[in-house]
Amino acid sequence: MAESTVDADLLDRGGVGLTIQGRRATITLNRPDKLNAQTPHTWYALREIGQSLPAEVRVVVVRGEGRSFSAGLDRRLFGAADVDGAPGLAALADTPTEQADAEIAGFQQGFSWLRDPDRITVAAVQGHAIGAGFQLALACDLRVAAEDARLRMAETSLGLVPDLGGTLPLVRTVGYAKAVEICLTGRDVPAAEAAALGLVNQVVPADGLEDAVDGLVEALVQPPEGASRETLALLSQAADEAVDPEQQLAAERSAQLRRIVDMAALLRSE
């Protein structure tokens, strides 16, 4: 098992665990007594992990310790100027706009790297995935849910908006009207409905979640790394409704030529 290069104090402050084993990294939200509620330190830790993973890691699993994936924002953020030295909502409100914007952009970076085509990311969701927890799951390429999973975009009900990158994948997955309903009602989306909407790829019994994710990871690491990376990049581009069909065809040709060149070089070296 490889050693993490991420600062241990940062991981501890964020309530985040990281293990690296060969081609797999596992990120664990590790505040089960708080249902893995998130603070800015959580997002700082996630950002640092994304910047520090070894090149050989091909699949990243994001999971939560205990009975919930993540209950969203730590409620202390609503009532304190700072939380463990990181800015709360009141502090952000009093911060100059450009500085506050940069701070939130830093929070978003803890999530956005999970869509980098260099790696495949999988969320293992059990119990509640609320607000920031839902957005963290949406940031991953794939989601496997336990039967007891409940997804909820709670920000609007709290007077806020989803600002950790969740709006784009939500709309692309379920469509505008359904996304409006999910966000503005703040209702639970149970696992079975989430599967029907395409929000999760697979629903399994709670006691089978770990095995299901392990099996998926094993399948994901089988194709050659370059082919996986190029395909993931193509699919990500295709998900953009503004992409031109001819542009997509050109991207496919370019990616395929790179793969052919790489394969030919490999064959010549044998």
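Colleague: Axes here are lines fitted to C-alpha atoms, for helices over the stretch in contact, with angles running from 0 to 180 degrees between N-to-C directions. At what angle do α7 and α8 cross?

Modeller: Roughly 125°, and the axes of α7 (residues 167–174) and α8 (residues 176–185) come within 7 Å. Helices (H or I, at least four residues) and strands (E, at least two) are DSSP runs, numbered from the N terminus. This is a predicted model, in which local features need pLDDT of at least 70 and side-chain atom pairs count only at pLDDT 80 or more, while totals for chains, interfaces and linings use all residues. Residues are numbered from 1 along each chain as its sequence is written, and side-chain values use heavy atoms, with hydrogens and water left out.

Colleague: What does that make α7 and α8 to each other?

Modeller: Oblique. Angles under 35 degrees count as roughly parallel, over 145 as roughly antiparallel, 65 to 115 as roughly perpendicular, and the rest as oblique.

Colleague: Left-handed or right-handed, where α7 passes α8?

Modeller: The crossing is right-handed. A crossing is left-handed if the near helix is turned anticlockwise from the far one by less than a right angle, and right-handed if clockwise.

Colleague: Which residues meet there, α7 to α8?

Modeller: From α7, L170, V171 and V174; from α8, Y176, K178, A179, I182 and C183. Contact means heavy atoms within 4.5 Å. The contact of α7 with α8 has seven nonpolar residues, one charged and no polar. For the classes, Ala, Val, Leu, Ile, Met, Phe, Trp, Tyr, Cys and Pro count as nonpolar, Asp, Glu, Lys and Arg as charged, and the others, Gly among them, as polar.

Colleague: And α11 with α12, at what angle do they cross?

Modeller: Roughly 175°, with the axes of α11 and α12 (residues 245–269) coming within 10 Å. That makes α11 roughly antiparallel to α12.

Colleague: How many polar and charged residues in that contact of α11 with α12?

Modeller: Four polar and four charged, beside five nonpolar. G226, A227, E230, L234, Q237 and A238 are the α11 residues, and they meet Q247, Q248, A251, E252, A255, R258 and R259 of α12.

Colleague: Switching to salt bridges. How many are there?

Modeller: The count is 13, taking a salt bridge as a side-chain nitrogen of Lys or Arg within 4 Å of a carboxyl oxygen of Asp or Glu. R31, D74, R76 and D84 are linked in a network of them.

Colleague: What is the N to O distance for R229 and E225?

Modeller: 3.9 Å. Both R229 and E225 lie in α11 (residues 225–238), four residues apart, about one turn of the helix. An α-helix has 3.6 residues a turn, so residues three or four places apart point the same way. R229 is partly exposed at 30% relative accessible area, and E225 is partly exposed at 37%. Buried means under 20% relative accessible area, exposed over 50%, and partly exposed in between (1.4 Å probe, protein chains only).

Colleague: Which residue does R115 pair with in a salt bridge?

Modeller: D141, the closest N and O atoms being 3.9 Å apart. R115 sits in the loop between α5 (97–112) and β6 (120–125), and D141 in the loop between α6 (132–139) and β8 (142–146), so the pair ties together parts 26 residues apart in sequence.

Colleague: Is D141 buried or exposed?

Modeller: D141 is buried, at 19% relative accessible area, whereas R115 is partly exposed at 37%. Not counting residues up to four places away in sequence, D141 touches L114, R115, R119, I120, T121 and L232.

Colleague: How many residues of α6 are buried?

Modeller: Eight of its eight, so α6 is mostly covered. Among the buried residues are F134, L136 and L138.

Colleague: What about the salt bridge of E181 and R187, at what distance?

Modeller: 2.5 Å, N to O. E181 is partly exposed at 27% relative accessibility, and R187 is partly exposed at 23%.

Colleague: Last topic, backbone. What is the phi of L35?

Modeller: About 55°, which is positive although L35 is not a glycine. L35 is in the loop between β2 (24–29) and α2 (40–52) and is partly exposed at 23% relative accessibility.

Colleague: And the phi of N36, what value?

Modeller: Near 60°, again positive in a residue other than glycine. N36 is in the loop between β2 and α2, and N36 is buried at 2% relative accessible area.
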